[in-house]
Amino acid sequence: MDLLTRVNEQIEANKTEMLASLSTLIQIPSVAVKTPGDKPFGEEVHRAFMTCLKMGEDAGFKTFNLDNYGGHIDFPAKADGLKEIVGILGHVDVVPEGDGWDFPAYSGVITEDAVLGRGTTDDKGPIIACLYAMKALKECGYEPKRTIRMILGLDEETNWEGMHYYVDNMGELPDYGFTPDADFPAIHGEKGILIFDIAKRFTGITEKGLELSSIKGGTAANSVANSARAVIHDTSGNGYEDIKNLVALYRDEKDCKINCRGVGKSFEITVKGVSAHGATPEKGVNAISLIMEFLGRLNFANDDVNDFLGFYNDCIGFDLHGERIGCEFSDEPSGKLVWNVGKIEMDKKSVQLTINVRYPVTLNDEAVYTGIMSVIDKYGLGIMKGQ
């Protein structure tokens, strides 16, 4: 019997254990939180990291922890093998779960044809699959010519600080590698990623009327915002009955979850969208875009606010590829640029809109920024560049 057949049979023999391991890992809510001390990305990320290392040790592999910033699980090369390393780069952190789930986000429930929970595909499921592939190879007596090293990142969904630390302090890095953090069987290139803020300061209001006191929406740059909330205040004494009627009309028009209520002398408007990964925003419904479209139908006393709402609805709206903001790029190897509005924070003084862009492999970040600036300069807005 050839090796591949034996390995596949061993994977099948380990299936129950493999699914249980994945379920255990899914049940850890490992959203990275920058934390002082010896667990730099928070207690839960650390727990997920240590759980993976323990799984590697239990499978008979060597493990390494680099100051709790990252680490790896090694399947060493045979004694007369090459001094080279094949890297498998994965991560144990996940994006925030948001709400609107049909089941608990960290349930790890195993059904007949699925394992349910945040991280099953990004990236806990893939790293468990790779670990158990390594385990099956080992159990079949395979001795690799090169060391197989599964590298575990801890804050891939945020700032990559752990991987930067790992690269700077490890000394030896893989000679070859892949990351099981995408579609099967293989992707040969990855779009560039930008995270930045579009910002504006507002001038004061000099006359009575409708004020937009605040907007808040979204939880992470690389996640489609599944909720947004705005608070408005009418200083003219006209009340909010007309706005209530507009909310009802908008709810019917868009078939969306938009609600309103009085909060003291102010008026609150909330919208529910559908969360999705920022790389595939077409799978979700952005609550920020919904609430911005609705607010754009009102007339606020502050012209700066009206101008910003106009900018959003005229230049962003529900676009997913930068169509109206100057960066609708595409190429043959990787397709269209992807545009996601992840978060918004606004008060009476300023607004900050967090954007996640994934641009085609044949472009660079300056092409994206140049295209965007050609549009936002007309509105007196600024960009604060992130990663």
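Which loop, between which two strands, holds D67? Select D67 and you will land in the loop between β1 (62-65) and β2 (71-75). (Strands are DSSP runs of E with at least two residues, helices are runs of H or I with at least four residues, and both are numbered from the N terminus.) D67 is not a glycine, yet it has a positive phi of about 55°.

Before moving on, a word about what is on your screen: this is a predicted model, in which local features need pLDDT of at least 70 and side-chain atom pairs count only at pLDDT 80 or more, while totals for chains, interfaces and linings use all residues. Residues are numbered from 1 along each chain as its sequence is written, and side-chain values use heavy atoms, with hydrogens and water left out.

Now select D122 and D123. A cis peptide bond joins the pair, with omega at about 5°. D123 sits in the loop between β3 (85-91) and α4.

**Stop three: α4 and its partners**

Show helix α1 (residues 3-13) together with helix α4 (residues 124-139): their axes come within 9 Å and cross at roughly 120°. (Axes are lines fitted to C-alpha atoms, for helices over the stretch in contact, and angles run from 0 to 180 degrees between N-to-C directions.) That angle is why α1 counts as oblique to α4. (Under 35 degrees is roughly parallel, over 145 roughly antiparallel, 65 to 115 roughly perpendicular, and the rest oblique.) The crossing of α1 past α4 is right-handed, meaning that the near helix is turned clockwise from the far one by less than a right angle.

To see the contact (heavy atoms within 4.5 Å), pick L3, V7, Q10 and I11 in α1, which meet Y132, A133, A136, L137 and E139 in α4. The contact has 7 nonpolar, 1 polar and 1 charged residues. (Nonpolar covers Ala, Val, Leu, Ile, Met, Phe, Trp, Tyr, Cys and Pro; charged covers Asp, Glu, Lys and Arg; the others, Gly among them, are polar.)

**Stop four: the second largest pocket**

How much space lies in the second largest pocket? About 440 Å³. (On a 1 Å grid over the protein atoms alone, a pocket is an open set of points with protein on both sides within 12 Å along at least five of seven lines; a cavity is a set where a 1.4 Å probe fits but cannot get out; lining residues have an atom within 4 Å of a point. Points are joined across faces, edges and corners, and a volume is the space filled by probe spheres set on them.) Select E157, T158, N159, A221 and K343, the closest to the pocket's centre of its 26 lining residues. Strand β6 (residues 192-201) gives the largest share of this lining, 3 residues.

**Last stop: the cavities**

The whole structure holds 2 cavities of 30 Å³ or more. For the largest cavity, with about 50 Å³ of space, select I205, L210, E211, L212, F300, A301, N302, V305 and K348, which line it. Its lining has 6 nonpolar, 1 polar and 2 charged residues.
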